[in-house]
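I opened the model to look up a few sites and kept short notes. The entries follow in the order I made them.

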Amino acid sequence: MRRSVCLLALTTLVTALLSAPSPAQSPAPRVVLVQAGQLLDRPGRPARGASTIVIRDGKVLEVRDGHFAAASAGFPEAEVVDLRDRYVLPGLIDSHVHLTSDTGGVLLQLEEVQLEPPAKAYNALVNAHKTLAAGFTTVRNLGDRDGVTLALRDAVRAGKVVGPNIVDAGTSISTTSGHMDAALGFRDDLREALDRHDNLCDGPDACRRAVRLQVARGVDLIKIATTGGVNSRIGAGLGQQMFEDEAAAIVETARLYGKKVAVHAHGADGVKLALKAGVDSIEHGTVLDDECVALFLKTGAYYVPTLSTVNGYLERIAADPNAYSPAVRAKVDWRIRVTGESLQKLVPRGVKIAFGTDAGVSKHGRNAEEFELMVKYGMTPSQALVAATVNAADLLGLSAEVGTLEPGKRADLIAVSGDPLADITVLKRVSFVMKDGRPFRD
Ligand SMILES: [Zn+2]
């Protein structure tokens with residue numbers, strides 16, 4: 001009996017496979033014509049005037065000068081998106097977000113022991129929607145504790161939910177008592193419950209294993225901390241907290257699997273340690289000296305400024321002077337005082353900059369506020385836009401897919417009223433977002 005059921009199932013499967021539609025029967029390609037008033041198809045180069053982007057099946061097919069009727073263009077079935085009164089540019093990229101939350105200070109400490117991972121997953125989805133609505137069609141998530149952003153990444157890729165493309169680092173790695181030690185600030189006897197047992201490493205062997213455990217989860221890159229953090233709930237400073245052999249072991253192991261390494265670092269000693277180990281980006285880099293600048297230029301690593309964090313700090317303190325514990329508040333006040341100094345130092349020297357907010361510390365959906373701060377601290381609007389498109393795409397390893405609107409790339413684009421090269425703040429009011437050829441916000 002069982003055998004005949006098996007046989008029946010097999011026959012059904014074979015019949016289903018044989019009757020599956022062949023490529024010749026697949027539906028006609030979906031063509032969309034986006035008519036742009038002005039178009040910045042390749043940030044860093046001059047904008048074009050009136051243009052039409054021809055999109056086929058979610059990818060840019062070609063970019064033509066002027067506007068024309070769908071039939072005369074040879075695409076009688078095409079949908080037309082009329083953005084003739086707007087300025088169109090590639091979807092923006094934020095190289096540093098944490099989608100699971102944008103709570104901070106003592107409230108975050110509470111959230112970490114109260115919120116179950118499924119609840120965090122819903123928060124991550126809501127924050128992903130806010131991010132996409134703000135015009136950020138690709139993000140790099142640099143650390144969560146429960147793996148929910150990895151699952152969200154896969155759900156977006158599979159088309160199960162709508163969200164920005166996510167490049168995900170899984171759980172960030174630090175040494176015990178370092179920035180990613182989840183037990184900091186809690187009672188000793190809670191360590192067993194809070195420690196993830198996979199992201200803290202002391203010594204090269206343990207650091208190799210920590211990287212491999214993240215690789216095993218399917219991460220896109222590795223995120224580590226070589227120094228203390230502003231939000232680390234102990235007063236252990238913001239200097240180096242990892243040894244050279246530990247950082248070297250992490251980078252070597254990541255390379256075995258073709259993974260890039262992003263580094264949280266505030267103090268110059270931790271920045272140098274990381275750059276000498278050959279990492280791909282320094283996040284925050286709050287204190288930089290001339291040797292750091294030379295190492296950036298020599299290695300070609302990116303600097304990701306995360307200036308928006310200061311907005312998050314100022315807003316929380318304004319709402320509640322006790323939002324942060326005294327040990328953290330001292331670091332927050334320092335970070336507010338010195339913000340922007342590193343960017344001002346690096347821009348004239350030609351160090352590569354990639355846009356990144358650290359949204360999570362600042363509010364999700366307000367990522368574009370970073371542009372204003374980048375311009376305030378020495379970048380031109382064009383440089384800031386390059387950082388959020390071409391450069392971020394390069395840092396994320398996605399230059400073939402996003403960052404510009406050229407044939408073969410994803411049709412991820414946004415529109416604003418006004419010229420962002422004349423007034424960067426127009427990017428705070430994105431009025432149209434398209435991802436993979438489909439409008440998300442109009
Ligand atoms: Zn961060």
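This is a predicted model: local features need pLDDT of at least 70, side-chain atom pairs count only at pLDDT 80 or more; totals for chains, interfaces and linings use all residues.

Residues are numbered from 1 along each chain as its sequence is written, and side-chain values use heavy atoms, without hydrogens and water.

Next I checked the zinc ion. H96 (NE2), H98 (NE2) and D358 (OD) coordinate the zinc ion at 2.1 to 2.3 Å. I noted the donor spacing as H-x1-H-x259-D. Donors here are N, O and S atoms within 2.8 Å of the metal (3.2 Å for Na, K and Ca), and sites may look incomplete because water is not among the atoms.

Then I went to T286, in the loop between β10 (281–284) and α9 (290–299); helices are DSSP runs of H or I with at least four residues, strands runs of E with at least two, numbered from the N terminus. T286 is buried, at 5%. Its side chain makes a polar contact of 2.6 Å with that of H266 (N or O atoms within 3.5 Å, one able to donate a hydrogen and the other to accept it; residues adjacent in sequence count only if both atoms are side-chain atoms). Beyond four places in sequence, T286 touches residues including W334, R335 and V338 (heavy atoms within 4.5 Å).

Terms used: Buried means under 20% relative accessible area, exposed over 50%, partly exposed in between (1.4 Å probe, protein chains only).
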